[in-house]
Amino acid sequence: MSAPLLEVRNLKVHYPITSGIIFDRVVGQVRAVDGVDLTIPKGQTYGLVGESGCGKSTLGKAVLRLAPVTEGSVQFDGTDITTLQGERLRAMRQRMQMIFQDPMSSLDPRQNVESILTEGLAAHGIGKNRAQQREIIGETLDRVGLPRWALSRYPHEFSGGQRQRIGIARALALGPDLIIADEPVSALDVSIQAQVVNLLDELQDSLGLTYLVIAHDLAVVRHISDTVGVMYLGALVEEAPSDDLYAEPLHPYTRALMSAVPVPDPDVEDRRERILLAGDLPSPSNPPPGCRFHTRCPWAQPERCADERPELVEIRPGHRVACHWVNEIADGRIQRHEVTPELTKPDDDAAASAPTVETVHVP
Ligand SMILES: Nc1ncnc2c1ncn2[C@@H]1O[C@H](COP(=O)(O)OP(=O)(O)OP(=O)(O)O)[C@@H](O)[C@H]1O
Ligand code: SF4
Ligand SMILES: [Mg+2]
């Protein structure tokens with residue numbers, strides 16, 4: 001396996017919840033990311049999945065220093081970037097680019113494609129002159145499968161899939177090593193999704209790129225990922241080589257997520273185990289004690305689950321799971337049971353209330 005390009009250790013992003021009319025008082029924390037370890041070797045793809053609000057985007061942004069790191073470290077190519085400032089941070093950022101979910105809102109509608117793509121080059125001082133910048137942009141358009149005449153057009157003149165190609169070109173023009181793609185195909189028609197995923201795959205092969213691909217849909221990351229990590233309430237609950245995870249998910253939460261993915265074979269589809277999770281994702285400002293999943297887990301046990309937080313432990317080579325009872329569940333000694341959904345009372349405490357734009361201050 002090649003050397004790691006990205007190593008994230010015990011990463012935490014906590015947003016303070018403040019309240020007060022004259023003086024702000026911190027009354028709680030939104031634990032958006034709460035202790036994540038992950039490693040991505042050079043040239044590989046890590047797929048990060050989990051339901052809405054579990055902290056995927058915050059993790060991606062924290063890696064790029066676009067979200068404040070509360071604790072932990074992010075090593076990029078051997079350098080801890082959590083403390084970098086000024087020119088060194090800017091230089092490192094050029095090597096790490098992001099692709100967003102909705103290309104329409106991430107591309108300025110008043111700029112034509114040439115101006116969108118030149119902006120980043122100018123900001124990072126890439127290309128000696130206009131002619132050289134045009135050459136870089138032209139080559140980048142070829143790579144993403146857009147015609148040169150696209151340069152004079154505006155984002156609204158393109159289809160969703162083409163706009164995402166412009167978003168990819170904008171990231172690519174800077175010559176990055178790592179691309180963080182946050183829900184890169186979620187806003188696209190299913191027929192277009194595969195084209196964009198294939199394009200990312202081809203670009204990785206030809207340019208040796210390393211990817212962190214974020215998605216709420218397990219099917220999207222399956223074929224593109226070497227390793228898949230499953231996140232729940234700010235932490236990883238399972239991580240495994242892609243084929244192993246899809247062949248046999250071991251964590252109860254992953255099993256539930258996987259049970260929602262339809263299988264093309266009608267016989268297998270008929271026999272497919274379906275696990276419907278009771279209740280909503282608890283608030284990251286008031287996470288349950290013990291195993292964070294115990295309030296919804298169909299395998300939860302009276303011992304340990306509610307009071308001891310399980311660590312991510314290697315169960316099989318490269319397959320890590322955070323569950324006290326993973327072996328007993330895997331061999332059938334512990335069976336699934338009904339779960340009574342726990343409702344979050346709105347008046348539980350100040351910290352349990354959903355943060356509003358007015359009360360949450362990002363440092
Ligand atoms: N700037 C912020 N201030 C306070 N809370 C925040 C901020 N950004 C995100 N959060 C909270 O952190 C949690 C994780 O959010 P995040 O956007 O990372 O989730 P996600 O997994 O990307 O969800 P989705 O699939 O909906 O994009 C959410 O509860 C969100 O409300
Ligand atoms: S530790 Fe307990 S609650 Fe958590 S996933 Fe395992 S069985 Fe479920
Ligand atoms: Mg997100």
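**Gly318**

I started at Gly318 and found it in the loop between strand 11 (313–316) and strand 12 (319–321); helices (H or I, at least four residues) and strands (E, at least two) are DSSP runs, numbered from the N terminus. This is a predicted model, where local features need pLDDT of at least 70, side-chain atom pairs count only at pLDDT 80 or more, and totals for chains, interfaces and linings use all residues. I noted too that residues are numbered from 1 along each chain as its sequence is written, that chains are lettered from A and ligands numbered from 1 in the order in which they are written, and that side-chain values use heavy atoms, with hydrogens and water left out.

Buried means under 20% relative accessible area, exposed over 50%, and partly exposed in between (1.4 Å probe, protein chains only).

I then listed what Gly318 touches, leaving out residues up to four places away in sequence: Glu239, Ala240 and Pro241. Contact here means heavy atoms within 4.5 Å. I also checked Asp205, 113 residues apart from Gly318 along the chain, and the two C-alpha atoms are separated by 23 Å.

**Ligand 1**

Next I looked around ligand 1 and found 15 residues surrounding it, the closest being Ser52, Gly53, Lys56, Ser57 and Thr58. A residue is near the ligand if one of its heavy atoms lies within 4 Å.

A polar side-chain atom of Ser52 lies 2.5 Å from one ligand oxygen. For Gly53, a backbone N or O atom is 2.7 Å from a ligand oxygen, and for Gly55 a polar backbone atom is at 3.0 Å.

Which elements give two or more residues to the shell? I wrote down strand 2 (25–41) and helix 1 (56–63), with helix 1 giving the most, three residues.

**Helix 6**

My last stop was helix 6 (residues 160–172), which has 13 residues and reaches 18 Å from its first C-alpha to its last, close to the 18 Å expected at 1.5 Å a residue. The expected span is 1.5 Å times one less than the number of residues.

Ten of the 13 residues are buried, so helix 6 is largely enclosed by the rest of the structure. Among the buried ones I noted Arg163, Gln164 and Arg165. The cover over the buried residues includes helix 5 (130–144), strand 7 (178–182) and helix 7 (190–207).

Terms used: Polar contact = N/O pair within 3.5 Å; in protein donor to acceptor, adjacent residues only side chain to side chain.
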